Amino acid sequence: MSDIPSQTDRFDPSLKTPNTDEAIDKSPPSLMVISGLSGSGISTALQALEDQGYFCVDNLPPPLISKLLELVSHQAMPSPLAIGLDARSVHDIESSSSAIQAIKSIKSHGWIAQLIFLEASEEVRVKRFSTSRRAHPLTRGGLSLTEAMQHERTLLQPIRDIAHQLLDTTEWNVHECKRRVRELGAISETVQSLVIQVMSFGFRHGVPREADIVWDVRFLPNPHFNPTLRPLSGLDEPVRDVVLTHQSTQNLLQGLLPLLSECLPAYEREGKSYLTVAIGCTGGHHRSVVISEAITQHLRTSGWSPQIRHRDLEKAY
């Protein structure tokens, strides 16, 4: 990756973040402009930001940027916004100048702006176009791929010159690109790009198709064989007590909970957006429900925000 100039060198005066007091008083919304060379990962970057809760707009003509900001600003709680700006929007000198003016006027709309410029070597971008089988936007004007790339670099140079961050994606795969963009676009320390669902299910009703991790807990003591507990579910305290106090359950949780805590950040770093942890017992009424609830509680106390679903709880046992 090429050397990235310091942010101080790259900040345009009109793009600088307001001082702390101003930011606290007005709580301005966040805006990221993702620009760069075609084939450098702009679409991938926007997908990463969308997973973080950004409202993303790609290929927006520069003159419409101010209109979009006005519309979004009228919302009671404006969502963080990301705008994709590439050769489809900046296809000639006039539109390039229009884009520069639109970017420089962003602060006047009360937004904190960050401009990210992505680039990659010509050789790698040619390979990516070949793999995706998509045409370069500027080849529609009759230019060869090489000529289009050279013309594009000239058109986008003024935008590159005022970028806050330059990201060279030559050596990156999709997961690394998403990870780096997520780091730049983090709205707060509590933002998580990984959506986790913990699901209980019964094997007699089939394994969930959406499951990424499946754990079979049919080896645990089964409350179904206790006439008093059979009508209840894993959400009821008597069932929870029987399942959780058994030594086999304690051994399972002592091994499984630390394993999940270790694996989830790794899944997130690899760019995974959704993860379903499915816990199965025979009917999906007792043991799987108890263990799913225990896992969910553990993850929440560990700083995650998992969803929980008991798929087969209402089905006949």
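Phe117 stands opposite Leu166 in strand 5. The model around this pair is predicted: local features need pLDDT of at least 70, side-chain atom pairs count only at pLDDT 80 or more, and totals for chains, interfaces and linings use all residues. Residues are numbered from 1 along each chain as its sequence is written, and side-chain values use heavy atoms, with hydrogens and water left out.

Strand 4 (residues 112-119) runs parallel to strand 5, and 4 bridges join them. Strands (E, at least two residues) and helices (H or I, at least four) are DSSP runs, numbered from the N terminus. Two strands pair if DSSP finds at least two bridges between them.

Now widen the view. The open sheet has 5 strands in the order 2-3-1-4-5, with parallel pairing. Strand 2 (55-57) and strand 5 (165-168) are at the edges with a single partner strand each, so one side of each has no neighbour in the sheet. From one strand to the next, the twist averages 20°.

Helix 3 (residues 42-51) packs on this sheet. It touches strand 1 (30-36), strand 2, strand 3 (81-85) and strand 4, where contact means heavy atoms within 4.5 Å. Its direction makes about 160° with that of strand 1. Such angles run from 0 to 180 degrees between N-to-C directions, with axes fitted to C-alpha atoms, for helices over the stretch in contact.

The buried residues of helix 3 are Ile42, Thr44, Ala45, Leu46, Ala48 and Leu49. Buried means under 20% relative accessible area (1.4 Å probe, protein chains only). These residues pack against strands 1, 2, 3 and 4, and against helix 8. Just after helix 3, Gly53 has a positive phi of about 105°.

Helix 8 (residues 174-185) lies across strand 1, strand 4 and strand 5. It runs at about 170° to strand 5.

How values were computed: Buried means under 20% relative accessible area, exposed over 50%, partly exposed in between (1.4 Å probe, protein chains only).
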